[in-house]
Amino acid sequence: MDPLSDMISLLHPQDCVAAGLDAGGDWSIQFGQHAGLKCNAVLKGSCWLAVEGVAEPLRLEAGDCVILPQGRPFLLSARRARFGEAAETIYAQVPHGSTAVYGGGGDFFMTGSRFLLCGPAAKILLATLPPVLRVRPGPQQDAVRWSLDRIAEELRIPRPGGALSIAHLSHFVLVQVIRCHLEEAPPKAGGWLAAIADRHILQATVAMHGDLTRPWTVQELAARAGLSRTSFAVRFREISGLTPIGYLTQFRMLLAADRLRRTEHSVAQIAGEVGYASESAFAVAFKRVTGCSPRRYALSGGTSAPHAEQPAPSYRPATTSMTASDSSITAALRVSKSTSASDRNTAMK
């Protein structure tokens with residue numbers, strides 16, 4: 001698979017909750033801190049969105065899609081209110097896939113979805129996204145608009161299988177939104193998304209993901225990127241916050257952690273699958289990155305590893321705007337920020 005598909009596949013989106021909001025009059029609703037990732041799409045009317053920690057509220061118009069990846073409390077209102085009625089009260093009696101009516105309805109309609117993301121990659125990926133990500137309608141976002149329209153139809157006209165359809169459509173929206181984010185506003189926070197947003201670095205990451213067991217060198221990866229070794233190494237670290245081999249090691253360990261948690265494969269088998277010639281060599285690398293042995297990690301169900309150490313975010317804007325559309329983290333891995341000799345020596349020959 002390509003790097004983005006590999007990343008999304010490690011997130012394991014699940015437990016999607018979706019509901020619509022039909023509001024009217026001078027309405028305002030306060031949403032508390034939430035688990036997972038929220039995606040709201042305005043299909044009719046407009047509103048103001050104020051997110052905790054973000055300096056200025058955003059004006060959302062029909063066709064806008066907004067993603068809230070960091071679980072911060074937020075306020076939606078018709079006229080830039082400062083306070084609102086608790087969302088728990090408004091949605092208390094609304095079944096999954098149905099629509100809440102507030103203030104009589106008629107002026108504003110929004111679909112909302114929330115995903116719980118699990119797996120060791122979730123924290124790392126979400127940390128590279130800004131607190132608020134807005135995707136505007138445009139000619140290249142037909143797939144996003146189609147998905148949002150289908151979700152709205154499922155909400156308005158309940159039919160057998162509607163809840164499952166909404167869940168799958170919402171997952172598809174997640175992929176499309178990240179695509180738009182990469183195409184229109186490359187992330188500035190470093191990490192995975194930044195590594196695949198740059199056209200030169202992307203070629204190297206595609207090569208690594210395509211042949212994970214190969215003992216890659218910086219020189220080989222630089223050739224794939226069409227850059228000199230020095231230029232490539234500097235560019236990779238400046239953009240992603242990781243060294244090229246550090247990125248490779250991190251992804252190998254993320255994939256290994258996922259397989260240890262979700263499969264019955266032996267440690268030796270997983271070691272081979274991620275590019276290590278021996279179980280002992282893999283165990284040394286895994287413990288150095290995660291802080292625990294592979295066997296301990298597997299026996300604990302993926303709860304033994306410490307939280308990830310992320311590169312310090314370098315972006316300043318609180319939102320990302322484009323012309324287009326309770327995460328249970330079972331393990332979070334420390335970012336491997338430098339290439340050690342043991343990385344090269346333990347990789348499969």
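Here is a short walk through a helix, the nonpolar cores and a pair of packed helices.

Keep in mind that this is a predicted model. Let's start with helix 10, which covers residues 244-262.

Now for the nonpolar cores. The largest one has 77 residues, and the members touching the most others are Trp192, Leu193, Phe232, Tyr247, Phe282 and Phe286. Helix 10 is the top contributor to this core, giving 10 residues. A separate core of 26 residues lies apart from it, with Phe31, Ala100, Tyr102 and Met110 among its members.

What does tryptophan 192 contact, leaving aside neighbours within four places in sequence? The list is Met7, Leu10, Ala121, Ile124, Thr128, Tyr247, Gln250, Phe251 and Leu254.

Finally, look at helix 8 and helix 9, which pack with their axes 9 Å apart, at an angle of about 85 degrees. Angles of 65 to 115 degrees count as roughly perpendicular, so that is how helix 8 sits relative to helix 9. Here is who meets whom:

| Helix | Residue range | Residues in the contact |
|---|---|---|
| Helix 8 | residues 218-225 | Val218, Gln219, Leu221, Ala222, Ala225 |
| Helix 9 | residues 229-240 | Arg229, Phe232, Ala233 |

By type, the residues of this contact between helix 8 and helix 9 are six nonpolar, one polar and one charged.

Terms used: Residues are numbered from 1 along each chain as its sequence is written. This is a predicted model: local features need pLDDT of at least 70, side-chain atom pairs count only at pLDDT 80 or more; totals for chains, interfaces and linings use all residues. Side-chain values use heavy atoms; hydrogens and water are left out. Helices (H or I, at least four residues) and strands (E, at least two) are DSSP runs, numbered from the N terminus. The expected span of a helix is 1.5 Å times one less than its number of residues. A nonpolar core is a set of buried Ala, Val, Leu, Ile, Met, Phe, Trp, Tyr and Cys residues joined through side-chain atoms within 4.5 Å. Buried means under 20% relative accessible area, exposed over 50%, partly exposed in between (1.4 Å probe, protein chains only). Contact means heavy atoms within 4.5 Å. Axes are lines fitted to C-alpha atoms, for helices over the stretch in contact, and angles run from 0 to 180 degrees between N-to-C directions. Angles under 35 degrees count as roughly parallel, over 145 as roughly antiparallel, 65 to 115 as roughly perpendicular and the rest as oblique. Ala, Val, Leu, Ile, Met, Phe, Trp, Tyr, Cys and Pro count as nonpolar, Asp, Glu, Lys and Arg as charged, and the others, Gly among them, as polar.
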